[in-house]
Amino acid sequence: MSSNKCRGTDLQNKHRGTASTLTRSEVRGGGRKPFPQKKTGRAYRGSNRTPLRPGGGVTFGPKPCDWSIKINRKEKRLAISTAVASAAASAVVVEDFVAEFAEKPKTKEFIAAMKLLQEREY
């Protein structure tokens, strides 16, 4: 559980959270009332920058936010040590490659040696 939580925390802490939109108060313009409230026969409107109009602000758009969360020090250490231990268990250690290669190291010979090691392991 600890390593999974640590992985999720690490991914969430990489979240930049820089998306931003302008609200109706941040959009340029729209300070004056476009037409009188009464006696025009039209629906009243207080600003040209209302979210209902083109060129207006965004109602509930994203704002910059800090998504980072804390993970306990011991929990993080446990997750790292578990990950290292599981990686070490599946690692293959080769003592000497000199016997495998005759003169110079060749990629073909290296791939053949690795396949041979994989076959021996299973």
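The structure is a predicted model. The chain contains three helices and zero strands, and its elements follow the pattern α-α-α along the sequence.

**Overall dimensions**

The radius of gyration of the chain is 32 Å, whereas a compact globule of 122 residues would have a value near 14 Å. The C-alpha trace spans about 100 × 40 × 20 Å along its principal axes. Of the 122 residues in the chain, 11% are buried. The accessible surface amounts to about 10700 Å², and carbon and sulfur atoms contribute 56% of that area. Among contacts with a separation of 6 or more, 56% are between residues 24 or more positions apart.

**The contact of α1 with α2**

Helix α1 covers residues 2-13 and helix α2 covers residues 73-89. Their axes lie 8 Å apart and form an angle of about 105°. Angles of 65 to 115 degrees count as roughly perpendicular, and α1 and α2 are therefore roughly perpendicular to each other. The residues that meet in this contact are listed below.

| Helix | Residue range | Residues in the contact |
|---|---|---|
| α1 | residues 2-13 | Ser2, Ser3, Lys5, Cys6 |
| α2 | residues 73-89 | Glu75, Lys76, Leu78, Ala79 |

By residue class, the contact of α1 with α2 comprises three nonpolar, two polar and three charged residues.

Terms used
Residues are numbered from 1 along each chain as its sequence is written. This is a predicted model: local features need pLDDT of at least 70, side-chain atom pairs count only at pLDDT 80 or more; totals for chains, interfaces and linings use all residues. Side-chain values use heavy atoms; hydrogens and water are left out. Axes are lines fitted to C-alpha atoms, for helices over the stretch in contact, and angles run from 0 to 180 degrees between N-to-C directions. Helices (H or I, at least four residues) and strands (E, at least two) are DSSP runs, numbered from the N terminus. Angles under 35 degrees count as roughly parallel, over 145 as roughly antiparallel, 65 to 115 as roughly perpendicular and the rest as oblique. Contact means heavy atoms within 4.5 Å. Ala, Val, Leu, Ile, Met, Phe, Trp, Tyr, Cys and Pro count as nonpolar, Asp, Glu, Lys and Arg as charged, and the others, Gly among them, as polar. The radius of gyration is taken over C-alpha atoms; the globule rule is 2.2 Å times the number of residues to the power 0.38. Buried means under 20% relative accessible area, exposed over 50%, partly exposed in between (1.4 Å probe, protein chains only). Accessible areas come from the Shrake-Rupley method with a 1.4 Å probe; for residues, only the protein chains shown count as cover.
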